[in-house]
Amino acid sequence: MEKLVINGGNKLNGSVEINGAKNAAVAILPAAVAASKGKCLIDNIPDIEDVHCLERILLSLGCKLNKIDNNTLEIDSTEVHTYDACTEDVRRMRASYYFIGALLTRFKEARVELPGGCPIGVRPIDQHIKGFEALGADVTIEHGAVKVKAEKLVGTNIFFDVVSVGATINVMIAAILAEGITTLENVAKEPHVVDVANFLNSMGADIKGAGTDVIRIKGVEELKGCNYSVIPDQIEAGTFMIAAAATKGDVTIKNVIPKHLESISAKLTEMGAEVEEGDDSVRVKYSGKFKGINVKTMPYPGFPTDIQQPMSSLLSVVPGRSIITESIWESRHKHIDELKKMGADIKVEGRVAIIDGVNKLTGATVKATDLRAGAAMVIAGLVAQGETHITDIEHIDRGYPHIENKFRDLGANIIRVEVDE
Ligand code: EPU
């Protein structure tokens, strides 16, 4: 076991390179299984535990992997020999459910253990199932696994009851080899939905409209390998933007798509930070005066739920009152108890966190209760006086590549240390 130890108080300065998007990569790797010919050469893959977990699952299905470097992977899925993904790795992570869509579209059959992921609320997959059934699959849940089977998949119109990133991507993958045309309505528009659609199109799929409310998929006969580069991570970028503001620093965040960061830039600007957009970078600078703000999480292009927890660390040291309303997940305020151990003044009422900014946070031993909660603790530790010890950092490693090295390069005093079990 490991923990992060931070000696807070250093302003972050300099520049940081953002890696490929976790939530795009964790869908693209499973989707590669749909290719029956050729190899997929994918780069800008983040070097994170969720990706390592997917690599093990791909191997268990019979894919051949050639790891070119830490961020580049060649996947040959021509000889996939099982439709059964029921391993400890599958149970451990959320995105393993994309194997259902990928195996279903190619083999018309799959058995995939129900997914795990961060404990941030009830995480149903009813909309995924609704989509698979509409395409013609029989879906059953037995012994903790989802079983899907179809004589054939036929395109149809599907209107999702809720806007879901996972259901949009999974059903889009399932429909690429279906006969005829599938129309998905009320879909998620997140940048990673568009990225997965672009990847599938590079493999030969015919998908239009990703990034709008309606996606239209014309079924094709087969998919083949391709070369693809994953988009930069909107959430990693947002985390560094917030850390720059929280430490009253001056940081240029490089290799980003500024358009994807607009909702975060807008809130930081409203709070009083200076945000400068470049072509593929954003610079966040302390302006001398911050004030409390209200933030409500919404599907894209709204303020991302995945940035809400880091934002609460920043707002806990911003003068005045801030209110954060979490509208996507019902239990995404668990990190607040940890922030309180560091002196934050926050009340949680249901989905709302009322934050009264304090003059300082003080170092404490705190837990990363989930992935983004972990990022929130790192930001709190960077700001706090004295030493902060963050435990349970395996959550952080699932989604942030080499987080301590990146912060150290910006001037933070942060180290990773082994702890006795
Ligand atoms: N929902 C349903 N039924 C479904 C699916 C979702 O009711 O079948 C509800 C959920 O309960 C939730 C809402 O719809 O209230 C949105 O859930 P969504 O399906 O969009 O979430 P997800 O696909 O499970 C992905 C990201 C999350 C991110 C959400 C929202 C991945 C692997 N995970 O989850 O990322 O919070 O979209 O943007 O892409 C993270 O990276 O830390 C993370 C948790």
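The side chain of K67 reaches the side chain of E55 in a polar contact of 2.9 Å. That value, like the others here, comes from a predicted model. K67 sits in strand β4, which covers residues 64-69. Its relative accessibility is 37%, so K67 counts as partly exposed.

E55 is one of several neighbours. Leaving aside residues up to four places away in sequence, K67 touches H52, E55, T72 and L73. Another pairing spans the chain: K67 and I42 lie 25 residues apart in sequence. In space, the C-alpha atoms of K67 and I42 are 9.9 Å apart.

Now turn to the cysteines. How many disulfides does a search of the whole structure find? The search finds 0. C40 is in no disulfide, and the nearest cysteine sulfur, that of C226, is 4.4 Å away.

To count as one here, the two sulfur atoms must be within 2.5 Å. The sulfur of C226 is 4.4 Å from the closest cysteine sulfur, in C40, and that is too far for a bond.

Are these two cysteines buried or exposed? C40 is buried, with a relative accessible area of 1%. C226 is buried as well, with a relative accessible area of 7%. Buried means under 20% relative accessible area, so the 7% of C226 falls in that class. K67, at 37%, is partly exposed instead.

Notes: Residues numbered from 1 in each chain as written. Predicted model: local features only at pLDDT ≥ 70, side-chain atom pairs only at ≥ 80, totals over all residues. Heavy atoms only, no water. Buried < 20%, exposed > 50% of the residue type's maximum accessible area, 1.4 Å probe, protein only. Helix = DSSP H or I, 4+ residues; strand = E, 2+ residues; numbered from the N terminus. Contact = heavy atoms within 4.5 Å. Polar contact = N/O pair within 3.5 Å; in protein donor to acceptor, adjacent residues only side chain to side chain.
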